Amino acid sequence: MNDFTKDFAQALFNPDKINDLLRKELQQAVNNLLEAELTAFLGYDPYARNGWNTGNSRNGAYFRKVDTQFGPIEVQVPRDRNGQFHQHTLPDYKQRVLMKHAVAVPRHLNFNLAKLCINFTEISTIARITGIPTSS
């Protein structure tokens, strides 16, 4: 009986631990898949001699949080030295929009915040988005 089977058997008696177990296993699987994807891209395994002096090699990783149905996981996305590797396992990173979080702010403050944060956008565009006519 392997560790996953033991952990899963114990988690069946405690429903709170099932999500934790599945999140941990999903995180490990995604990290392994990303590492395999970089290996396929470079054409050699880590520390393999045939990868020396090829012009491109592994160059560490960066961490990224991904939301899943089991909760957030932290993934190590590997990099190559030339910056040519683009992973296809995870969806592209999307930045959160400031205006999405400004909904709870009163409308006149929301408009002033938009004028401060988006100074390169025309005032008429900000007024159209917020629904408040401009006074100046």
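Analyst: Helices (H or I, at least four residues) and strands (E, at least two) are DSSP runs, numbered from the N terminus. Counted that way, the protein chain has 5 helices and 2 strands, and along the sequence they follow the pattern α-α-β-β-α-α-α. Please keep in mind that this is a predicted model, in which local features need pLDDT of at least 70, side-chain atom pairs count only at pLDDT 80 or more, and totals for chains, interfaces and linings use all residues. Residues are numbered from 1 along each chain as its sequence is written, and side-chain values use heavy atoms, with hydrogens and water left out.

Buried means under 20% relative accessible area, exposed over 50%, and partly exposed in between (1.4 Å probe, protein chains only). A nonpolar core is a set of buried Ala, Val, Leu, Ile, Met, Phe, Trp, Tyr and Cys residues joined through side-chain atoms within 4.5 Å. In this protein chain of 136 residues, 24% count as buried.

Now to the core itself. Its 7 residues are Val-30, Leu-34, Val-66, Ile-73, Val-75, Val-77 and Leu-90, and they make up the largest nonpolar core. Helix H2 and strand E2 (71–80) are the elements that give two or more residues to this core, with E2 providing the largest share, 3 residues. Apart from this core lies another one of 5 residues, including Leu-38, Leu-42, Tyr-44 and Ala-48. As a general background, nonpolar side chains tend to be buried together in soluble globular proteins.

Not counting residues up to four places away in sequence, Val-75 touches Val-30, Asn-31, Leu-34, Tyr-62, Phe-63, Arg-64, Val-66 and Leu-90, where contact means heavy atoms within 4.5 Å.

Next, find Gln-87, in the loop between E2 and helix H3 (98–101). Gln-87 counts as buried because its relative accessibility is 7%. Beyond its neighbours within four places in sequence, Gln-87 is in contact with Leu-34, Glu-37, Arg-64 and Val-77. Gln-87 and Leu-34 are 53 residues apart along the chain, yet their C-alpha atoms are separated by 7.0 Å. The side chain of Gln-87 also reaches the backbone nitrogen of Thr-89 at 3.0 Å, and one of its polar atoms lies 2.8 Å from the backbone nitrogen of Leu-90.

Helix H2 deserves a look of its own. Thr-39 lies in H2 and is buried, with a relative accessible area of 16%. Leaving aside neighbours within four places in sequence, Thr-39 is in contact with Tyr-44, Asp-45, Pro-46 and Arg-58.

Tyr-47 has a positive phi of about 65° although it is not a glycine, and at 81% relative accessibility it counts as exposed. Asn-53 has its place in the loop between H2 and E1 too. Phi of Asn-53 is near 55°, a positive value in a residue other than glycine, and Asn-53 is exposed, with a relative accessible area of 83%.

Conventions
A polar contact is a pair of N or O atoms within 3.5 Å; within protein, one must be able to donate a hydrogen and the other to accept it, and residues adjacent in sequence count only if both atoms are side-chain atoms.
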